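Here is a walk through one protein model, a piece at a time. Keep the sequence and the 3D view open as you read.

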Amino acid sequence: MIELALVIPTFNERDNIEELLGRLTTVLSGIAWEAIFVDDDSTDGTAALIRSLNGRYPHVRALQRIGRRGLSSACIEGMLATSAPYMAVMDADLQHDESILPVMLNTIKAEELDLVVGSRHVGTGSVGDFAAHRQALSRLGKNVGRRIYKCDIQDPMSGFFMVRRTFFEKTAHRLSGISFKILVDLLASAPEPVRFREIPYRFRSRIHGESKLDTTNLIEYLFLLADKTVGAWVPVRFIMFSISGLSGVVIFLALFWALYARWQVTFELAEGASTAVAICTNFLVNNWVTYRDRRLKGARLIRGFLWFCLACSIGAWGSFSIASFGFQKGLPWQVAGLTGLIITSVWNYGVTAAFTWRAVGRR
Ligand code: GDD
Ligand code: MN
């Protein structure tokens, strides 16, 4: 029977895989373990490499996701793919200290815990040479998130932890699956107070490959927090979609002003060009942030853009009709205009979610 499953998200980690498996074999001798690498279709052949190691490591597999991105959702799907009673999530890039895994396993069993966290902020733990700006971000994330996960944990930003299957199963359906911060998601989604302990370790520097954390991950973290607070009533994607829409309005106004008032082009040209640019940037911002996990590329990008334009044109026409109707019936102009806008936003969101960025599996 497999006792411990390691769930290891990967995106372009080819040069770290064999070293990691070698180290795991050493530190986990005597424990029945398996490893599930959840790979988001790395371009460097990570998944193919993992499969090629079948002869040496029959208890290791790759779960390859196509057309998807996202560290949290990768971890969740990896945990769902094992039957082991204990599951550890760790990075593939050797930054997490694998030598504490046996201690984590003993602790979760002996103390009957739900969760054991590899922590950089207790006892002898340390962030190592983690860049100063990353440390500051980590602190900020912790302070902002504290209200959401409501427990006294020192390293909620850790991506290195072990859970008991029964705890995960109770929590799985409530998870948001958004962002890099799967631990925050788990803590915030647990139906009961979480029994946990933190085990110190020193965060190592990366040798091969590079960090995938970028600015969209920060935005995603805020969306995770939003989902945990208002997500039950309003889908966060709708909020993201609306914010992207507002950014389109700002771009439109700025460009319209520049073209018409500053550069004195004709009104029609200024209006037409600003509208076109606003629609394109709006589409790209949505593709970049709102639907980061399903980002369209190549031919799909063009097809998605056409769907987007079609949906939004119908939406604009609908907004115009609703607002004019309301206005004729005597609604104040602000109310009539706003009603048209809200109905159109919901329409645009619904139609583009279904056709432009439809979820994989429904293609
Ligand atoms: N499947 C999948 N999909 N894996 C991903 C993705 C993705 O979109 N993005 C990153 N990964 C994998 C990487 O290949 C690596 O194995 C692991 O997730 C962590 O990614 P890094 O890019 O190395 O993150 P980091 O080092 O900046 O941050 C890590 O450490 C922090 C401190 O513990 C993460 O674990 C953070 O969550 C953590 O807060
Ligand atoms: Mn890393």
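## A strand with two partners

Strand 5 and strand 7 (residues 196-200) run parallel, and 5 bridges join them. Keep in mind that this is a predicted model. In strand 7, I199 is the bridge partner of G118. On the antiparallel side, strand 5 is joined to strand 6 (residues 161-164) by 3 bridges, with V117 standing opposite F161.

How many of the residues of strand 5 are buried? The count is 5 of the 5 in residues 115-119, so the strand is largely enclosed by the rest of the structure. In a regular strand, side chains alternate between the two faces of the sheet. Here both faces are covered: L115, V117 and S119 are buried on one side, and V116 and G118 are buried on the other.

## Zooming in on G118

G118 sits in strand 5 and has a relative accessibility of 0%, so it counts as buried. Setting aside neighbours within four places in sequence, G118 is in contact with I100, M104, D155, S158, F160, F161, I199 and Y201. Two of those names have come up already: I199 is the bridge partner of G118 in strand 7, and F161 is the residue opposite V117 in strand 6.

There is another glycine to look for here. G159 is 41 residues from G118 along the chain, yet their C-alpha atoms are separated by 8.1 Å.

## T10 in strand 1

Next, go to T10, which has its place in strand 1. Buried or exposed? T10 is buried, with a relative accessible area of 3%; the cut-off for buried is under 20%.

The side chain of T10 makes a polar contact of 2.8 Å with the side chain of D39. Beyond its neighbours within four places in sequence, T10 is in contact with I17, F37, V38, D39, D40, S42, T46 and A92.

## Around ligand 1

Which residues come nearest? Of the 27 residues around the ligand, they are E13, R69, M157, K181 and K212.

A backbone N or O atom of F11 lies 2.9 Å from an oxygen atom of ligand 1. A polar side-chain atom of D91 is 2.7 Å from a ligand oxygen atom, and an N or O atom in the side chain of R134 is 2.7 Å from an oxygen atom of the ligand. On its own, ligand 1 has 730 Å² of accessible area, and the protein covers 99% of that.

## Helix 9

Last stop: helix 9, residues 236-262. At 1.5 Å a residue, its 27 residues should span 39 Å, and the end C-alpha atoms are 38 Å apart, which agrees. Just after the helix, Q264 takes a positive phi of about 55°.

Which residues of helix 9 are buried? They are V236, R237, F238, M240, F241, S244, G248, F252, F256, A258 and L259. An α-helix has 3.6 residues a turn, so residues three or four places apart point the same way. Look for that pattern as you go down the list. What covers these buried residues includes helix 8 (215-229), helix 10 (267-290), helix 11 (298-328) and helix 12 (333-356).

Key: Residues numbered from 1 in each chain as written. Chains lettered and ligands numbered in written order. Predicted model: local features only at pLDDT ≥ 70, side-chain atom pairs only at ≥ 80, totals over all residues. Heavy atoms only, no water. Helix = DSSP H or I, 4+ residues; strand = E, 2+ residues; numbered from the N terminus. Expected span 1.5 Å × (residues − 1). Buried < 20%, exposed > 50% of the residue type's maximum accessible area, 1.4 Å probe, protein only. Contact = heavy atoms within 4.5 Å. Pairing = 2+ DSSP bridges. Near = heavy atom within 4 Å. Polar contact = N/O pair within 3.5 Å; in protein donor to acceptor, adjacent residues only side chain to side chain. Areas by Shrake-Rupley, 256 points an atom, 1.4 Å probe, with all protein chains shown as cover.
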